[in-house]
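Please look over the sequence and the structure shown here. A short report follows.

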Amino acid sequence: MQPADNRTPARAFSEAEASQLQSDAYLRELAEQKARAAESQLRSVLRAVPGVVYRLRVRQEPLELLHDFVSEGIRELAGLEPEEIADASVFADRIHPDDRPTAESALAASVATGEPVDTEFRLSHRDGSLRWVRSRMRLTERTPDGWVVFDGVAMDITAQKEAERAARSTEHKLKEITDAIPGVVVRSVAVGDGLPEPVFVSRGFETITEIPAEEIKRNPNLRFGLLVQEDIPRIREALRGAIQHLIPANVEYRIRTPSGKLKWVHIRSVPHRATEADGLPVGAIVLDGIVTDVTDRKRIEAELQQAKEAAEAASRAKSEFLANVSHEIRTPMNAILGMTELALDTPLNSEQHEYLTIVKASAESLLGVINDVLDFSKIEAGKLELEDEPFSLRAVIGTTLRSLALRAHRKGLELACRLDPEVPDGLRGDAGRLRQVLVNLIGNAIKFTERGEIVLSVQRSEVRGQRTEDRNQKIEDRRQRTEDRKETEGSTVSSSFCPLTSDLCPLVFSVVDTGIGISPDRQKRVFEAFEQADSSTTRKYGGTGLGLTIASRLVALMGGTIAVESRLGEGSTFFFTARFGRAEAPPPPDPAELRGLSVLVVDDNDTNRRILHELLSHWGMVPTAVESAAAALGAMWRAVAARSPFALVLLDANMPGMDGFTLAEQLRAAPELATSRIVMLTSSDQLGDAARCRTLGISAYLTKPVQQWELLETLHRVLSSQLRNADFGLRIEDKKTTAPGSSIPQSQFRLSDESAIRIPQSAMLKVLVAEDNEYNQRLVVRLLEKQGHTVTLVSDGPSALAALEGGGFDLALLDLQMPGKDGLQVIVDWRAREKLTGKRLPVVALTAHSMKGDRERCIAAGMDGYLPKPIRAAELFAEIARLAPVREEPLDRETILASCGGDQELLDELLAVFADRAPRLLADLSTALSAKDARTAARIAHSLKGMVGTFSKRAAEAALAIERAADASALDEAQVSQRALVSAIERLQPHLVGLTVQSLRGERRA
């Protein structure tokens, strides 16, 4: 028997059971594969997640920290492998000691409360660097055995922390900067229509407003308590415009601080639309601005304004003082000069004439001093302005040189002028001030030159040459020094007359003399006020020392500057630049007809010969220049021998040895030489010279310095084949010509006598003179009555108004300073009354004031003219001729005298026929026109034309108009002309009563 077996006997699995077992294994394998695939996918996803994903298990007693899972990101975050920190305390030990307590406390709190953990700490990387980490965990499970499970993520925020640190540093620096700015830096955001609300205010806010910046940010409405209520609308308006148009706003306003101080502040705010970088709603209007305390500036401005007003008051007082002084001096000067001129125009013996001439010259010298002082005062006050009118440069230079030529010639000096032919004649600018500069420079040259010559030259500044370049450099250097002085000292004179454009003509003027010269140390100060080259108390030469100062300031106003070159004992050269606009000028005579003509120039002065030679060559003539009469004779005989005699001889009258007149006698005595025309050039202007020219057959007689246009016109005249010999040799009293662009008659042959009063003739007028000064009354009345005018004299303003009310005046002369009412008050009242009548009386202001604005005030008040005292006869009558109505003489005296042949009986017969037939013919004409009988009307008008034409040109013209209108059957026009004819005959008839040949001849004006 076998021993018992306690094991269960083996049983074979059925096929079904075996199949089930295989299926389970397959499913387990499939599940494991899916799990591995899911884990692989999870790990792949976790690798893509920035930072570290982990699961942490924590048990407090005893404290254990285990990582169930750590993603591969730990390698980058800490430089560790996941398995290295399965014990989580290894990771915890790498936390910066300063940050570890905070992390542990956060973890303990989360274990206790279940709240999520969000901590930031520094972590030591394996490479030794310190990284900032942000860890965020959430409690997910508490196990029965006391474990607390957390799932979390840790991120490297080192870059973020660096950016925050940099931002804090930048913010700190910005705060330091804004706090250091003397003012308040403000950023605000526009909110509706109200004032923008501040989002940033620098610490300076407290300094200005006494309110902390943080307080104003917490409570923006505090601003309204600071603002002065009257200024709020202005602030709103400025900021509203800036916000609407996105343009900077600048506004000043007042605030009142809590302590009661009133301050002025200025805000400049620049708006823009917010972007994401601004940390504000995108698109909002943000205003960045700075507020500054301008209280001190406002106080200084107020003080400066008070000082300015005080200075202006002082300037006005000074101007009024100068005006009063001017008035007090000019009033007697008016009588002195006026009466002297009147006396010189009366028969005098030579001694009396000499004395009065000296008186007149001295008075004019004194007047020049007064004018210098007044001009200097105007310039210093910045009240001198230049005119901008067209003028002829050659006419200005011509009149200027003629006014100075006599002084130069009396000292035996040659006065010459050289105008570059390229210099245009028609300019725009202030001709009077240019003349003033030239008179000063040339007058000084005459004063300080005892022998030799003075030469004025004008050329365009573009004309170059070494000397010109040197002078232009000197001018530029002086201009720069002037500008530098203005910057440091300030100046009332503007040197920017106008910008340099292609329409401007910059010119260089130079005045060269052979006088005493100026030492180098004096040259630096010669243009300063009250400085003179000769400043000793025993100086030989007079003057105020203001002339060159005034000239330099005027040149500056004309856009240029002035300089000097000089050597003691050798002479001086003053040169200046000036800019002028261009203007149209009458074309000069065409020199084409003169081309090829041979001319002999005879002058002992080298400069004159050179200038004439240059001019004649420029005109296409063929000049030969010699220095003496003997050389001239030789040249002329050689020309005759060569069968090419000179067509013209320009002959200087004053030469050493044989003078020009003696040479002319020899030329006329030789038939072979007598064919040449002769033009005499003289600087002496001796009485009898013109008569000698006629006797010698000299074609023309010109006074030096000869002007280009004058010489050219003279050459055209004397060389014209159509000109009769009888026309040659006329004096100024016989024939005059006018400079291009000028209305001033210029002597073509000799200088006029300075003492003579040359006045334009005008019709007899009825003139009201209102003047309170006895001497001026006598002068003006005498001048007017001497010209045949009827004068009514009053001595105060109310009397002037009363006289004007009486009517009948053709012109009024009103003194500005009169008792009762001054001239300005009178003219204002009178012009107001004239508005009721529709008429206007020409009125001229007379004043001893000549300060800036006087003329403008007079014209604005209603004056038609302005005459500063002392009154010159020529200026007075020129103004009268300009303003007075042209009163036609009703009688045609010359025609009446010619008709009667000077026979009184025949005149009486003509008057009788007129008195008998004129009324009947007028009546018949009226009947014919009323009956529309054009043929009869034309016939009667023809008869009237012949009858009234003997006595009146106006009446004859009206009759002729009737005749022509009737012939054309234009009877309406004929009736209009009929009324003009009746009016002319009515004006004529009173003058025919008692008319005699003797009265016609006696009343005829020269």
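The chain exposes about 52,500 Å², and carbon and sulfur atoms supply 52% of it. Such accessible areas come from the Shrake-Rupley method with a 1.4 Å probe; for residues, only the protein chains shown count as cover. This is a predicted model: local features need pLDDT of at least 70, side-chain atom pairs count only at pLDDT 80 or more, and totals for chains, interfaces and linings use all residues. Residues are numbered from 1 along each chain as its sequence is written, and side-chain values use heavy atoms, with hydrogens and water left out.

The chain has 32 helices and 29 strands. Helices (H or I, at least four residues) and strands (E, at least two) are DSSP runs, numbered from the N terminus. Of the 1006 residues, 44% count as buried. Buried means under 20% relative accessible area, exposed over 50%, and partly exposed in between (1.4 Å probe, protein chains only).

Contact means heavy atoms within 4.5 Å. Take the contacts in the chain with a separation of 6 or more: residues 24 or more positions apart account for 65% of them.

## A buried leucine

L804 is found in helix α23 (residues 797-806). Is L804 buried or exposed? L804 counts as buried because its relative accessibility is 4%. Leaving out residues up to four places away in sequence, L804 touches L768, F809, A812, V826, W830 and L841. W830 lies 26 residues from L804 along the chain, and their C-alpha atoms are separated by 7.8 Å.

## A negative patch

D903, E905, D908 and E909 form a negative surface patch. In such a patch, residues have over 30% relative accessible area and no salt bridge, and like charges are joined within 9 Å. A salt bridge is a side-chain nitrogen of Lys or Arg within 4 Å of a carboxyl oxygen of Asp or Glu. Asp and Glu count as negative. E905 sits in helix α28 (residues 904-930). E905 counts as exposed because its relative accessibility is 61%.

Most residues other than glycine have a negative phi. Which phi does K932 have? K932 is not a glycine, yet its phi is positive, about 60°. S969 is not a glycine either, and its phi is also positive, about 60°.

Definitions and conventions: Patches are made of residues with over 30% relative accessible area and no salt bridge: like charges are joined within 9 Å, nonpolar side chains (Val, Leu, Ile, Met, Phe, Trp, Tyr) within 5 Å. The place of a charge is taken as NZ of Lys, CZ of Arg, CG of Asp or CD of Glu.
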